[in-house]
Amino acid sequence: MTEDAVVDVPDRDLLTIGAFAARARLSAKALRLYDRLGLLAPAQVDEATGYRYYRAGQVEQARLVAMLRQLDMPLARIAEVVAAGDGPTAAALLGTYWADVEARVAGQRTLAEYLRGRLSGRSSEMYEKFAVETVDVPAQVVITETRHVLAGELPAWIGASLGRLESAARECGGVTAAPFVVYHAEVSMESDGPAESCVPVADEAAARAWVERHGRTWGTKVAVHPAQRLAYTRITKAQVAHPQIMAAFEAVEEWIAREGLEQAGPCREVYFADWEATGAEDPVCDVAFPVS
């Protein structure tokens, strides 16, 4: 006899898994899965037979779990919504999840459009959107923080690390130029760099003293960068997002090759604007390569 066969129910308020599945418009297989995943436990399990029994009041919860799974919601987040019950808390949890989904889909849509442009041979059209210039940068004393970081973690780390370094700069004679992030290797969903946050400061001796006292906490160091020429393009806050920023880097690389120059160091992003105070279309960053 199978679990969903007709059996004597130990409590007339309980439903067999077959009867409950029919009422919830789900399969018994789905209900067993929800039980195994900890999303919907039976009201009672017969110790002798292992048969599961449910109460009629669990129907709405079963349907809710099924619909949330249709949204590809992770199991842990389904459990949070179910535990919250009906009401504004559960609705807010669902709203937060769906906002994340829409943001991810929007990013994937933009990436797909970017890749279609590359694969169809329209890269030159994309590169023409970026004006590339050169600038001579004097020698700089910088305090730095280096981290192996994946693309998903990068924005939060950049903000936090530059904030720490700019705070430290107050004890090092102050910030003398725009902070920047150097990429010593690719940062993507699979590759973790490393990336190096840099803040130029005025007083090398004070910087070295500060690092001696505090640098071990975040792996902070002092470096002296020689004078160099940068080829760069200026981008807006919206263009800092992936993959638009990839097109900016490639546009600068293509310009360097076309001008007969050579890359003389790793690429960087120079942040010259107040991120919080700027809008999507405001210039905030230079994508740059040292050249010779």
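Analyst: Gladly! A residue is called buried when its relative accessible area is under 20%. In this predicted model, both F20 and Y54 are buried.

User: How are the rings of F20 and Y54 arranged, and where do they sit in the chain?

Analyst: Ring planes under 30 degrees apart count as stacked. F20 and Y54 form a stacked pair, with 4.5 Å centre to centre and 10° between the planes. The pair links distant parts of the chain, 34 residues apart: F20 belongs to helix α1 and Y54 to strand β3.

User: What kind of aromatic pair do Y97 and W98 form?

Analyst: A tilted one, at 6.4 Å centre to centre and 55° between the planes. Y97 is buried, with 4% relative accessible area, while W98 is partly exposed at 34%.

User: Which ring does the charged end of R164 sit over?

Analyst: That of W218, 3.6 Å from the ring centre. R234 likewise lies over the face of F272, at 4.2 Å from the ring centre.

User: Now the sheet: in what order do its eight strands run?

Analyst: Reading across, the open antiparallel sheet goes β4-β9-β11-β10-β6-β7-β5-β8. β4 and β8 are at the edges because each has a single partner strand. Ignoring direction, neighbouring strands are turned by 30° on average. At one end, six bridges join β5 to β8, and V142 stands opposite A223 in β8.

User: Which strands does helix α7 lie across?

Analyst: β5, β6, β7, β8 and β10, with the helix at about 25° to β7. Helix α9 lies across β4, β9, β10 and β11, at about 35° to β11.

Definitions and conventions
Residues numbered from 1 in each chain as written. Predicted model: local features only at pLDDT ≥ 70, side-chain atom pairs only at ≥ 80, totals over all residues. Heavy atoms only, no water. Phe/Tyr/Trp six-rings, centres within 6.5 Å; stacked < 30°, edge-to-face > 60°. Helix = DSSP H or I, 4+ residues; strand = E, 2+ residues; numbered from the N terminus. Buried < 20%, exposed > 50% of the residue type's maximum accessible area, 1.4 Å probe, protein only. Lys NZ or Arg CZ within 6 Å of the ring centre and 35° of its normal. Pairing = 2+ DSSP bridges. Axes fitted to C-alpha atoms, helices over the stretch in contact; angles between N-to-C directions. Contact = heavy atoms within 4.5 Å.
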